[in-house]
Amino acid sequence: MSVDVDLAFSRLVKTAATTRPEAGDLHRFIQAQVLLTGEPEVLLTRNGAASFQHALRLLVRTTLNLTVFLPAEAAELAATSTALARHIEFGSTVRFVTTPPNPQAFAAVLNVGSSARPDLPWTSVNSNGWLARVTSGPTPLDNTCDQWNPVGALAAASLGAAEVFKRLLPVKPDRAAMFDNLTFSLDSLETGGNDPGPPLPSELHVSLLLTGAGAIGNGIAALLADLPLHGRIDIVDRQTYGDENLGTCLLLGPDGLGKAKAGELAGFLRSRLPSSPVYAHEARLEDLSFGSQDGLPIHRVVLNGLDNVEARHSVQQQLWPDVVIDGAIGPLMCQVSCHPADEDVACLLCLFELPVRDAATQQVRATGLAPLRLAQPDDLVTDADVHAAPEHQRAWLAGQVGRPICSVVAEGVMRTLTDDQQREGFAPSVPFVACLSACMVVAELVRHVEGRPSPLAPRYQFDVLRGPAFGVTVDLARGQRCTCTERRATIQQFRALVARTLVVT
């Protein structure tokens, strides 16, 4: 199938432009030579093989010149990876080689292993349990990778792809330094430790609604397919895949273009979760009936992979489930938020405000900068601005230190716009950011199903280029004037009725 390569890479290029607006022809960085390789002791683990294939999916969407070398010990992985590459590649063919190439010939090398090569543009990644590890510096990684967990494996590949992006652009060190022996637990959302966290249970029983089958939804589906799920899954998305989605959606290949997003993800999950019935709904959430004899069940858990505020509000107002777990992204910001119905935690109506039309108010909300500072557009953003910003804005604003306020305002406003305010094909987005958001969403799902406490109340976010060491947790209680507070008694009656009638398969 013919693919518009410029459109497929448009979101990646747009993200690059928001990161280095002073750069010239940003299309050239996708022509850079990238090598994907690995070390046998890691590749032969289930975590290593999963990280490698996720890295392949991500790098196909990062460069037009990808070379893959696998050692002889990983012959089976080489065969499955070759088949995968032929399914997802577009614009150019992934080159598989059997002789070790010279790593100095590449602009970036992503190695699924543990070695450190600071003399080369070299990044190593691996995972163990909930723990994702990455190093681009002089410190090697621990190569213990025996506790299987798909969330850690995808997170490691995503952090590695972010390092490749930094090298190709390139990103200036004062914007985001390369990672040196970074460890990130998707269970605790903490960095610096080496605890793999609790093992996955043998079974996870769910009644699950996934809203949105775009970039975040693809990452969520990839992870759900590797979990021991039992129970019904419904997927809602009214759109079809276009060329622009090839650059952001982890599971998508050219043969999926023009097909319904919900249907494609449902088909992927059905082939991998035979014990869980999976249904696709190619409609807007508002157009579906829930709880009736002919409608969808009202699910206990909703996972959101949405791209606008109105849809999030619709999920909350129509369903009031036990918990909504929401993934969100900006050009380089990933976020997860958890909204349990029975706790004093902000709901989606509280947390996500509808777009404002007043320009001054919009600029304050979009950047976290004080009105006085916005009146000085030629000044540079300072650390003092970061400290003065609302807590939930600090992680993003910290990445803008040293840039003119006028350009930061433009970027901040752009990243808050909904899809009806800009052409979809050119919205800034990259797959490794969406996949990290998906990882945090699914980690929260597992914690919820197991009955373990959540670190969220309700939100956690970080700039992917700066890394989770600079992540920010935002606590927010219910709004006193929000529907979830003013109509709480009615909502509780509705949920009690649902609990009496809902049958979990």
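Glu76 and Ala79 are exposed on one side of helix α5. This is a predicted model.

The other side of α5 holds the buried residues: Leu77, Ser81, Leu84, Ala85 and Ile88. They sit on the same side of α5 because they cover an arc of only 100° around its axis. An α-helix has 3.6 residues a turn, so residues three or four places apart point the same way. The cover over these buried residues includes α3 (40-43), α4 (46-60) and β3 (95-97). Helix α5 runs over residues 75-88, 14 residues in total. At 1.5 Å a residue it should span 20 Å, and its end C-alpha atoms are 20 Å apart, so the two values agree.

In the largest cavity, Trp320, Ala341, Arg478, Ile491 and Arg495 lie nearest the centre. Helix α19 (488-501) and strand β15 (333-340) each give at least two lining residues. The most come from α19, with four. The lining of the second largest cavity includes Thr18, Arg175, Trp396 and Asp463.

| Space | Volume | Lining by class |
|---|---|---|
| Second largest pocket | about 730 Å³ | 16 nonpolar, seven polar, nine charged residues |
| Largest cavity | about 140 Å³ | eight nonpolar, three polar, four charged residues |
| Second largest cavity | about 100 Å³ | four nonpolar, four polar, four charged residues |

Key. Residues are numbered from 1 along each chain as its sequence is written. This is a predicted model: local features need pLDDT of at least 70, side-chain atom pairs count only at pLDDT 80 or more; totals for chains, interfaces and linings use all residues. Side-chain values use heavy atoms; hydrogens and water are left out. The expected span of a helix is 1.5 Å times one less than its number of residues. Buried means under 20% relative accessible area, exposed over 50%, partly exposed in between (1.4 Å probe, protein chains only). The arc is that of the directions from the helix axis to the C-beta atoms. Contact means heavy atoms within 4.5 Å. On a 1 Å grid over the protein atoms alone, a cavity is a set of points where a 1.4 Å probe fits but cannot get out, and a pocket is an open set with protein on both sides within 12 Å along at least five of seven lines; lining residues have an atom within 4 Å of a point. Grid points are joined across faces, edges and corners, and a volume is the space filled by probe spheres set on the points. Ala, Val, Leu, Ile, Met, Phe, Trp, Tyr, Cys and Pro count as nonpolar, Asp, Glu, Lys and Arg as charged, and the others, Gly among them, as polar.
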